[in-house]
Amino acid sequence: METRKVLIVDDDVDLCDSLKAILEKAGYTAATATSRAEGMEKMKTERPDLLVLDVMMETWHDGFEMSRELKQDPELRQTPILMLTSVEERTGVQVKSSAGDPDWLPVEAYLDKPVEPDVLLAEIGKLLESA
Amino acid sequence: MRDDSLAQRAYWLIRLRWLAALSAAAGTFVCARVFGVALQERALYGIALLLLAYNFVLLVLLRHLTAAPGDRSLRGVTRAINVQISADLVILTVLLHFSGGIENPLAFFFIFHMIIASILLSVWESYLQATLAVLLFGLLALLEYSGAVSHHCLAGFVTHCQYQEGPYVLGTFLVFAVSLYLVVYMASTIAVRLRRAERAQAQANERLRAQDRIKDEYVARLTHDIKGHLAAIQTCLAVAIGGPINGQVADFIDRAYRRTQKLTAFVRILLRLTKLKLSGVPEMTVFSLSDAAGQAAETVRKRAEDKAIHLSCTLESSGPTVRADREAIGETVVNLLLNAIKYTPEQGTVSIEVRAEDDSVLLEISDTGIGVPPAELARIFDEFYRAANARQIERNGTGLGLSLAKQVIELHDGSISVFSTEGSGTTFRIVLPRARVRRTTASEVPADRHRISVR
């Protein structure tokens with residue numbers, strides 16, 4: 001079976017690189033991007049099977065907007081999104097409880113940072129299986 | 001007055017009117033049947049019925065008005081209240097006419113209308129309603145006095161009719177008029193004060209809510225940054241655990257270590273900020289700002305040399321003195337210098353200058369660095385704010401350094417400002433009040449401390 005490809009979009013370079021290493025060790029192919037723009041670009045060129053997405057990058061809502069943009073793209077909307085962020089709650093925004101809301105936060109799963117690698121790998125495995 | 005509270009009071013007025021109509025009917029019945037007063041019963045019951053019917057129409061109308069949004073509904077409700085009170089005055093006058101006119105003490109009830117008007121309406125509208133009441137009452141008295149309309153004598157209540165006795169009529173009318181205007185004056189004075197207090201309270205609540213939102217944002221931001229460092233440390237170490245120590249693993253261990261340093265620096269500056277916010281009592285001593293600046297420059301000299309940056313000091317040797325917390329000021333200057341070095345390319349220049357100026361001492365730190373984009377200049381002292389070009393050089397900065405510097409300087413009655421040209425350099429200017437050259441007696445020290453601690 002072909003190896004599955006995961007794209008990590010997070011403005012924290014250390015986190016991107018270490019997550020990439022962990023995913024590669026688990027048998028995935030991984031690519032990284034450190035901004036929303038670079039992330040959108042790589043979604044098109046790398047065509048990953050899954051996206052791990054941060055929220056706060058250049059602005060505190062970059063990730064939210066990127067997830068919405070992706071779900072409106074007929075070619076990219078099928079790619080499951082795993083939101084990985086330490087934004088717990090902004091004024092009036094309950095990230096955890098609104099994850100999956102098609103208008104507000106159309107992501108397939110949500111994990112809180114910092115995350116145990118086992119938990120992350122399990123979630124990624126589950127998402128790829130059901131996709 | 002706020003929209004919903006005005007509407008609530010309009011409903012209150014309608015509830016009062018149900019009571020008034022029923023009381024009018026009951027009062028008529030008791031006076032006529034129990035006490036045997038000669039009353040125009042049919043006319044009075046008719047008025048009570050009219051009042052009930054008119055109140056029902058008003059209720060429907062008010063429901064309709066309050067369903068409309070915003071300003072339109074507010075103006076509508078105010079107008080409706082004005083019309084209602086005027087109509088009530090007319091009805092009370094008619095009631096009075098059928099129950100003895102000027103001889104009926106029911107005329108006191110006009111006072112209730114005046115109080116209601118003062119509570120619900122603006123001051124001038126209340127005086128207008130009082131004038132209408134006075135005119136209606138005067139007209140009634142005059143028409144009955146002149147015989148233009150018939151007088152219904154309250155036989156069984158008064159022994160002889162007085163409606164045509166000039167001095168009685170005039171006296172009653174004058175006292176009536178003065179009473180109404182005085183009631184409006186008193187009630188509206190109180191109402192205006194209450195309304196003002198209500199508004200001030202609402203504004204204070206709004207301010208508190210805004211501050212609370214800012215605090216929530218602050219805490220959310222702190223948590224995010226701390227967890228960001230922790231997440232990076234954890235995953236970097238996760239790579240290392242279990243794997244043989246090769247070049248890649250060593251790199252991740254090194255990265256994790258550097259992130260713990262950053263997290264420590266973040267926590268340290270955060271504690272410093274918190275301490276300043278909570279107590280704000282600096283340890284005040286008098287010292288030479290030139291000496292402090294010179295020491296700060298020595299502290300960062302190694303860092304400058306590592307980047308081949310020329311560190312230039314222009315310090316007035318006579319040394320203008322300031323009264324300040326030496327440690328806090330020194331730390332602030334060091335942090336500004338480290339910032340300047342960080343954002344200045346190799347071979348650049350960072351300079352520090354101290355000079356006296358009238359009552360103040362100026363300290364300037366200039367660099368030939370990347371500068372601050374003009375659009376972002378106004379925000380760089382904000383907590384957590386980081387300019388876009390600064391983020392590119394240092395990805396995980398705290399965004400708190402300049403904010404701390406500003407707080408420290410302002411705590412010393414000083415000011416900090418920034419001048420910058422993007423791409424060619426930045427200057428931070430600190431102005432501190434000059435320590436007065438005179439002997440400090442022991443008794444002055446506590447007074448000075450007190451002044452600072454209460455800020």
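In chain B, residues 24 or more positions apart account for 72% of the contacts with a separation of 6 or more, where a contact means that two C-beta atoms, placed from the backbone, lie within 7 Å. Before going further, please keep in mind that this is a predicted model, in which local features need pLDDT of at least 70, side-chain atom pairs count only at pLDDT 80 or more, and totals for chains, interfaces and linings use all residues. Residues are numbered from 1 along each chain as its sequence is written, while chains are lettered from A and ligands numbered from 1 in the order in which they are written.

Let us stay with chain B for a moment. Chain B holds 12 helices and seven strands; here helices (H or I, at least four residues) and strands (E, at least two) are DSSP runs, numbered from the N terminus. Of its 455 residues, 31% count as buried. A residue is buried if 20 or more other C-beta atoms lie within 10 Å of its own, exposed if 12 or fewer, and partly exposed in between, again with C-beta atoms placed from the backbone.

Now for the sheet in chain B. Five strands form an open sheet in the order β2-β4-β5-β7-β6, with mixed pairing; two strands pair if DSSP finds at least two bridges between them. At the edges stand β2 (310-315) and β6 (415-421) of chain B, each with a single partner strand, so one side of each has no neighbour in the sheet. On average, neighbouring strands of this sheet are turned by 10 degrees against each other, direction ignored. Helix α9 (residues 326-342) of chain B packs on the sheet and touches β4, β5 (360-367) and β7 (425-433) of chain B. The direction of α9 makes about 25 degrees with that of β5(B). One place to look is B:Ser312, whose bridge partner in β4(B) is B:Ser351.

A single residue is also worth a visit. B:Phe287 sits in strand β1 (residues 284-288) of chain B, and it counts as partly exposed because it has 18 C-beta neighbours inside 10 Å. Leaving aside neighbours within four places in sequence, B:Phe287 is in contact with B:Ala292, B:Thr321, B:Val322 and B:Arg326. The C-alpha atoms of B:Phe287 and B:Ala324 are separated by 7.7 Å, although these residues are 37 apart along the chain.

Turning to chain A, you will find five helices and seven strands, which run β-α-β-α-β-α-β-β-β-α-β-α from the N terminus on. Chain A has 131 residues, and buried residues make up 45% of them. Strand β4 (residues 81-85) of chain A is largely enclosed by the rest of the structure, because five of its five residues are buried. In a regular strand the side chains alternate between the two faces of the sheet. In β4(A), A:Ile81, A:Met83 and A:Thr85 point one way and A:Leu82 and A:Leu84 the other, and all are buried. Strand β3 (residues 50-53) of chain A pairs with β4(A) in the parallel sense over three bridges, and A:Leu51 has A:Ile81 as its bridge partner in β4(A).

How do the chains meet? In total, 18 residues of chain A are in contact with 21 residues of chain B. The largest share of the side of chain A that touches chain B, seven residues, comes from α1(A). The residues of that side of chain A divide into nine nonpolar, three polar and six charged; Ala, Val, Leu, Ile, Met, Phe, Trp, Tyr, Cys and Pro count as nonpolar, Asp, Glu, Lys and Arg as charged, and the others, Gly among them, as polar.

Two packed helices are described by the angle between their axes and the distance between the axes. The axes of α1 (residues 13-25) of chain A and α6 (residues 166-240) of chain B come within 8 Å and cross at roughly 30 degrees; axes are lines fitted to C-alpha atoms, for helices over the stretch in contact, and angles run from 0 to 180 degrees between N-to-C directions. Among the residues making this contact are A:Leu15, A:Leu19 and A:Ile22 of α1(A) and B:Ala231, B:Thr235 and B:Val239 of α6(B).

Finally, a word on confidence. The model scores ipTM 0.85 and pTM 0.60. The mean pLDDT of chain B is 85, pLDDT being the predictor's confidence in each residue, from 0 to 100. Over residues 439-455 of chain B, pLDDT stays under 50. Where pLDDT is low, the predicted coordinates should not be read in detail.
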